Amino acid sequence: MTEKLLVPDIGDFENVEVIELLVKEGQEIKKNDPIVTIESDKSSVEIPSTIGGKIEKIEVKIGDKVSKGDLLLIVAGAKSFSSESENVPKNTENLIQEAETSLKKLEEKIPEVSSTQSKRQKNETTKVKEKKNEIIQVVNKGDIDPLETKEWLESLSAVIEKDGNKRAHYLIKELINKAYMEGANIPYTQNTPYINTIPVTEEKKSSGDQNIERRIRSLIRWNAAAMVVRVNKKFPELGGHIGTFASAATLYDVGMNHFWRAKNNKFGGDLVYFQGHSAPGMYARAFLEGRLNEKQLDSFRQEVNPGGLSSYPHPWLMPNFWQFPTVSMGLGPMLAIYQARFMKYLINRGLIKDEGRKVWAFLGDGEMDEPESLGAIGLAAREKLDNLIFVVNCNLQRLDGPVRGNGKIIQELEGIFRGAGWNVIKVVWGSYWDSLLANDKTGHLVKTMNETVDGEYQAMKARDGAYVREKFFGKYSETKKLVSSLSDKDIWRLNRGGHDPHKVFAAYDKASKNIGSPTVIIAKTIKGYGMGKSGESVNTTHQTKKLDIDDLMYYRDRFDVPLTDNQVRNIEYYKPDQNSAEIKYIKERRLKLGGFIPERTTYAKPIKTPPKDIFDNMKKSTGKKEMSTTMALVRMLTSLLRDKNVTQRLVPIIPDEARTFGMEGFFQKIGIYAHEGQKYEPEDSAQLSSYREEKSGQVLEEGITEAGAMSSWIAAGTSYTNHDIEMIPIYLFYSMFGFQRIGDFAWAGADSQSRGFLIGATAGRTTLAGEGLQHQDGHSHLIASTIPNCVSYDPTFHYELAVIFREGLRRMHEKKENIFYYITTMNENYPHPEMPKDKRCEEGILKGMYKIKEFNKHKKTKIQFLGSGTILREMIAGAEILQKEYKIDSEVWSVTSFNELRRNGLEVERYNLLNPNKEQKKSYVEKCLSDTEGPILAASDYMRMNSDQIRPYINKSFYSLGTDGFGRSDTRTKLRKFFEVDKEHIVTYGLSVLAKEQLLPSKYASEAIKKYKIDSDKPMPTKL
Ligand SMILES: Cc1ncc(C[n+]2csc(CCOP(=O)(O)OP(=O)(O)O)c2C)c(N)n1
Ligand SMILES: [Mg+2]
């Protein structure tokens, strides 16, 4: 039996060119094997076979134009004929049914996965039954019928006692539903009362030795503060922070002693994002662990000489220690969310094992004001990232003062996270409050807690017990009575949740076991905890970096650090003996948890660079066929997907612009990642480029979030260290929405030593024609050049792109250089020439320039043209005019990277200046141009500063053209005329430059100005 394979529905396209035949006659094929690649003027896509069998005849050849229904090939002995009905995707109902069955299976599995969880759930009911009839009554000012309220509350208590929490919850839910249906939109449940989320009865107890843990924590506190004070005593300019870690010490210690599992040869490790300026605490712990010595602590913030400790977590500066750069506020939360998401992506794609690893992120309450901090919490909930735990340290202060003086940051964050679908655990009060709360029969204590604003809470901790008694408990007679038997000292001892290891342990335990949603632990602490008058809860705490002797004595006494007065005066570190109980304990805990944290290692295997010929089709002329470099890139990616070493490792990342870049073919080919698969039949399901979401999908289709896409890129680009698997992220974006939008993330990516490609597509101020001022990028290369390990290119032709891309793969993913690539691609279609045969061409492309054309017919006057991106084509056209109409020769250089040329120039110049007696070196740009004839005119589709970068390294007359000024929407021709980078301006400026250099009479330039109707009086485009 023979079957025909036809061109499927390819959307709105007709007469699309066949550009590749991927099979031969006589070949056995399987269903879904790619048969041919077709290409429209916007995108290329592979057509897969719907039949398996032996190819009897291929009915198309390269260059043919095909449309839907055309015959592609005939297959003999078709094994599984894809009938109409099979071709038609499963209907929505089936898909939903499938999803539901798998959900059911998951639910059934959950108790197995977490027997502790189910036990806990059972306990919930039984425990509650044992509980006495105690309810927290929130006194309501507007209660019009207290008796009725009492009856309802008593009924509820009776239900809880008789049938447990769940039944009570059910009844309340039903009541709310009923009220809603009757038209009452109540209750507004943004918040729960200002008390701990976990009731005392449900607190999981730590098995740790609390006394020893307190001693260890005290030593860490002391050493962290001592480090900052010592360093600032010696070099007051260095700075540092004491107050932040002082507030967070317990939050970190409980994690370190009990929860965070390190990476080792048996386990991938939890990933912890430490709050940047709490770094002193991490160093102080590492000191006790024996990982750092006193000398190193004394070189805190002295990073110039090797061995110094970096100010904040910087993997670039401490590559064996820090994993995540967090100090620029707001980046940590997003990076952590996308890290957790990428971990699930790797698991769902079968690239790493699911070991139940977690991502923890420590954030400041002030930091939560950064829009990025909350910017991706919806994604975390949507994707059910139960491998993610945020800990927000709510010390109620930021740098200048209270985070919310008149409000309550904890309540505000609770509402936001609850609304987004997170599991919220508030840790507000410490254990000393437990009995008070239990005795709060009238509800006035909780009422006071609810009513007190953060500014007051802060002020109270800056005062003393008597003040708290008066201001807080004194508000109502009921609360006053509640503490009547407590001394002022007792009242002062009433601790906050974040400083209570028991409460923190219970919260961490619950968070680690949570299934189906991310968790945020919102912990209340005191900024500068234990610092007394010098810094506890005072507005200036954040910047306290010097403590006088009295403060230090107080701090020592407050935490019982076993140092003599003299030792305190000398601000000595304290490290107990190796055999002491403390050191043994700390080491034993970490051993149990698999090793030290933080620690940065990598055991990833390199990815073999694809063979040299993989992009050979990019080195041939396209003839008359026009295409953009963006399209050429997509073609290259399609080829890469056929390379067995590379295919699985590619991570295409797109923020909702796949169609703009002609990448929609990837949807079907490799699928869009969706953690729950596809629960609906896509509208375009019958088409070849249908929107296909899949659990094991490869494309990260991020939606409109450049910051999110960049966070994914960083997660994938650092996968070699965080997951020991080298990945190749390729993030395509509108170049204008690249560095300037997410510059700080790019900097964090660089610090993290991310490896991968950033593709600034639709680049060039006059090349992206119709979009206007905020779209047209004329400077992204300049921003890219500010990042030291970013290698950037602005190629014009497909073979340049191919050479650059392959070298990027080799340098980053095979040779593991800690660099990343920024490449601009354009959306202008034009024919591409064959790669020049000159052997130096490839080297030149990579170094930044090579001679692409020489016009030397007349041998009289000569000029050197340097161009990049699409403007190179204008230069070639201009050079042709000059030769033909003015008998002027020229050499045209394709400059693939002004940035790389400048870097080389800088380096060589520095060498020469520092080695005046040695043989002087020549920069690459000098080597290319020093022996050439005539002045130099450079131009690009970027600001003049782009090409001006190489001016100092050329001992010749140098002029530049560029697109300085605001972009605007118009045709390419008009835009290039406006910015004076079209071929006519290149000719005119060329003639004028030659006149200025006394190589040509000025009349030629004047004539050209007239001929091309150039208005010499037009203001600079920067002023328009
Ligand atoms: C993007 C950014 N802006 C400003 C800063 C400077 N800065 C460092 S810490 C800090 C205050 C932080 O307050 P919070 O987040 O509450 O942390 P805390 O120290 O109170 O734990 C500021 C403004 C920064 N690091 N990053
Ligand atoms: Mg704070």
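Predicted model: local features only at pLDDT ≥ 70, side-chain atom pairs only at ≥ 80, totals over all residues.
Residues are numbered from 1 along each chain as its sequence is written, chains are lettered from A and ligands numbered from 1 in the order in which they are written, and side-chain values use heavy atoms, with hydrogens and water left out.

The protein has a mean pLDDT of 92, and 93% of its residues reach 70 or more; pLDDT is the predictor's confidence in each residue, from 0 to 100. Over residues 81-92 the pLDDT stays under 50, and the model has 15 contacts for them beyond four places in sequence, a contact being heavy atoms within 4.5 Å. Residues 109-136 also have pLDDT below 50, with 29 contacts in the model beyond near neighbours in sequence.

Turning to the ligand, 17 residues surround ligand 1, and the closest are Thr244, His277, Asp365, Gly366 and Lys527; a residue is near a molecule or strand if one of its heavy atoms lies within 4 Å of it. By class, this shell holds three nonpolar, nine polar and five charged residues (Ala, Val, Leu, Ile, Met, Phe, Trp, Tyr, Cys and Pro count as nonpolar, Asp, Glu, Lys and Arg as charged, and the others, Gly among them, as polar). Polar contacts are pairs of N or O atoms within 3.5 Å; within protein, one must be able to donate a hydrogen and the other to accept it, and residues adjacent in sequence count only if both atoms are side-chain atoms. A polar side-chain atom of Thr244 lies 2.6 Å from an oxygen atom of ligand 1. For Lys527, a side-chain N or O atom is 2.6 Å from a ligand oxygen atom, and for Asp365 the corresponding value is 2.8 Å. On its own, ligand 1 has 590 Å² of accessible area, of which the protein covers 75% (Shrake-Rupley method, 1.4 Å probe; for residues, only the protein chains shown count as cover).

Next come the sheets. Helices (H or I, at least four residues) and strands (E, at least two) are DSSP runs numbered from the N terminus, and two strands pair if DSSP finds at least two bridges between them. Six strands form an open, parallel sheet in the order E18-E15-E19-E20-E22-E21. Its edge strands, E18 (700-701) and E21 (790-793), each pair on one side only. Strands E15 (residues 650-654) and E19 (residues 728-734) are joined by four bridges, and Ile653 stands opposite Tyr731 in E19.

A second open sheet has four strands, ordered E5-E4-E2-E7, with antiparallel pairing. Strands E5 (44-48) and E7 (65-66) are at the edges with a single partner strand each, so one side of each is left without a neighbour in the sheet. Two bridges link E2 (residues 16-21) to E7, where Lys65 is the bridge partner of Glu17.
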